[in-house]
Amino acid sequence: MSKVSIAGIAHYGRNVLIAHRNPTGQMGGRWEFPGGKVDGVESDQEALTREFREEFGIDVVPGQRIAEAVFYHYDQKVDLHAYSIEVPHKGDVNPYVLSEHTEYKWVDIDSIQELDFVDSDKLIYPAVRSFILNGD
């Protein structure tokens, strides 16, 4: 049985929210689209809401699924689902309260290719880019 991870894609125009992971763990110190694991019987949307509240201190509104991929983590199959999300603000005037990341920033979608991004999010990047640039 596979596990499910979710990613929340918040964007304003071409700029997308990314976060720098804490330095521990297999993918520590790398950039990612924020999200996390779906726990138990919660829906993807419930997991997104919980993860952003826990990791950023904000309430988000999940939207449509925009990408999906499959990857393996320690021989465990993981289904990755990415959703568009609405954030209450950009975290500039009122900074997000981080618990799992060292920093966050809004970057142009094309600059992600130049960053040390987690491997799983590289799989969904083309679909995320298409959604941000084309709305599909």
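What percentage of the 136 residues in the protein chain is buried? Buried residues make up 46% of the chain, which is shown here as a predicted model.

**Figure 1. Overall fold of the protein chain.** The chain comprises 2 helices and 8 strands, arranged along the sequence as β-β-β-β-β-α-β-β-β-α. Its radius of gyration is 14 Å, in agreement with the value near 14 Å for a compact globule of 136 residues. The C-alpha atoms occupy a box of roughly 40 × 30 × 30 Å along the principal axes. Of the contacts between residues at least 6 apart in sequence, 65% connect residues at least 24 apart.

**Figure 2. Salt bridge between D110 and R14.** The two side chains meet with an N to O distance of 2.6 Å. This pair links distant parts of the chain, 96 residues apart: D110 belongs to the loop between β8 (101-108) and α2 (119-134), and R14 to the loop between β2 (11-12) and β3 (15-21). D110 is partly exposed, with a relative accessible area of 23%; R14 is also partly exposed, at 37%.

**Figure 3. Salt bridge between R65 and E68.** The closest N and O atoms of this pair are 2.7 Å apart. R65 is partly exposed at 38% relative accessibility, whereas E68 is exposed, with a relative accessible area of 54%.

**Figure 4. Salt-bridge network of D39, E42, R50, E51 and E54.** Within it, the side chains of R50 and E51 meet at 3.2 Å, N to O, and both residues are buried. The model contains 13 salt bridges, with 13 positive and 23 negative side chains in the chain.

Technical notes: Residues are numbered from 1 along each chain as its sequence is written. This is a predicted model: local features need pLDDT of at least 70, side-chain atom pairs count only at pLDDT 80 or more; totals for chains, interfaces and linings use all residues. Side-chain values use heavy atoms; hydrogens and water are left out. Helices (H or I, at least four residues) and strands (E, at least two) are DSSP runs, numbered from the N terminus. The radius of gyration is taken over C-alpha atoms; the globule rule is 2.2 Å times the number of residues to the power 0.38. Buried means under 20% relative accessible area, exposed over 50%, partly exposed in between (1.4 Å probe, protein chains only). Contact means heavy atoms within 4.5 Å. Lys and Arg count as positive and Asp and Glu as negative; His and the chain ends are not counted. The place of a charge is taken as NZ of Lys, CZ of Arg, CG of Asp or CD of Glu. A salt bridge is a side-chain nitrogen of Lys or Arg within 4 Å of a carboxyl oxygen of Asp or Glu.
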